[in-house]
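Work through the exercises below with the sequence and the coordinates at hand. Each task is followed by a solution in steps.

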Amino acid sequence: MGAEAQVHENREAENPSSMTMAQFLAWKRQKDDDASARRAEAARKRAEDIAAGTVQMNGRELFAHEPWVFDNTLY
């Protein structure tokens with residue numbers, strides 16, 4: 001058992017560019033936070049553009065903003 005631990009330590013010493021689990025989790029958390037921030041910014045800009053009328057709404061956005069368009073009770 002002690003020999004296996006020594007071999008594992010030697011492998012880590014030979015490859016200093018390898019990541020530890022803590023480093024990987026910190027990197028992954030930062031990457032996810034950055035992606036989330038980009039998505040939130042894009043959604044905010046899209047909402048502003050829709051409110052200004054500069055872009056055409058898709059069906060889901062139209063249903064959310066103007067549900068009376070889809071009212072079939074008149075027929």
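**Exercise 1. Find the partner of K28 in a salt bridge and describe the pair.**

Step 1. A salt bridge is a side-chain nitrogen of Lys or Arg within 4 Å of a carboxyl oxygen of Asp or Glu. K28 forms such a bridge with D32, with the closest N and O atoms 3.5 Å apart.

Step 2. This is a predicted model, in which local features need pLDDT of at least 70 and side-chain atom pairs count only at pLDDT 80 or more, while totals for chains, interfaces and linings use all residues. Residues are numbered from 1 along each chain as its sequence is written, and side-chain values use heavy atoms, with hydrogens and water left out.

Step 3. Helices (H or I, at least four residues) and strands (E, at least two) are DSSP runs, numbered from the N terminus.

Step 4. Relative accessible area under 20% is called buried, over 50% exposed, and in between partly exposed (1.4 Å probe, protein chains only). K28 counts as partly exposed at 34%, and D32 counts as partly exposed at 36%.

**Exercise 2. Which residues are linked with R44 in a network of salt bridges, and how is R44 placed relative to E41?**

Step 1. The count of salt bridges comes to 5. One of them joins R44 to E41, where the closest N and O atoms are 2.3 Å apart.

Step 2. R44 and E41 are separated by about one helical turn because they are 3 residues apart in helix α2.

Step 3. The network of salt bridges links E41, R44 and E48.

Step 4. R44 is partly exposed, at 38% relative accessibility; E41 is partly exposed too, with a relative accessible area of 40%.

Step 5. A further salt bridge is formed by the side chains of K45 and D49 (3.1 Å, N to O). K45 and D49 are 4 residues apart in helix α2, about one turn of the helix. The relative accessible area of K45 is 44%, so K45 is partly exposed.

**Exercise 3. Classify the ring pair of F24 and W27, and name the surface patch that F24 and W27 belong to.**

Step 1. A pair of aromatic rings is described by the distance of the centres and the angle of the planes. Rings of Phe, Tyr and Trp (its six-membered ring) pair if their centres lie within 6.5 Å; planes under 30 degrees apart count as stacked, over 60 as edge-to-face and the rest as tilted.

Step 2. The count comes to 2 aromatic pairs. For F24 and W27 the ring centres are 5.7 Å apart and the planes stand at 40°, so this pair is tilted.

Step 3. F24 and W27 both lie in helix α2 (residues 21-52), 3 residues apart, about one turn of the helix. F24 is partly exposed at 34%, and W27 is partly exposed at 41%.

Step 4. Patches are made of residues with over 30% relative accessible area and no salt bridge; like charges are joined within 9 Å, nonpolar side chains (Val, Leu, Ile, Met, Phe, Trp, Tyr) within 5 Å. Accessible areas come from the Shrake-Rupley method with a 1.4 Å probe, and for residues only the protein chains shown count as cover.

Step 5. L25 is in helix α2 and is partly exposed, with a relative accessible area of 43%.

**Exercise 4. Is I50 buried or exposed, and which residues is I50 in contact with beyond its neighbours within four places in sequence?**

Step 1. I50 is found in helix α2. Its relative accessibility is 15%, so I50 counts as buried.

Step 2. Contact means heavy atoms within 4.5 Å. Leaving aside neighbours within four places in sequence, I50 is in contact with V55, M57, E61 and H65.

Step 3. E61 lies in helix α3 (residues 59-65) and counts as buried at 17% relative accessibility. The C-alpha atoms of I50 and E61 are separated by 8.9 Å, the two residues being 11 residues apart along the chain.

Step 4. Not counting residues up to four places away in sequence, E61 touches R46, I50 and Q56.
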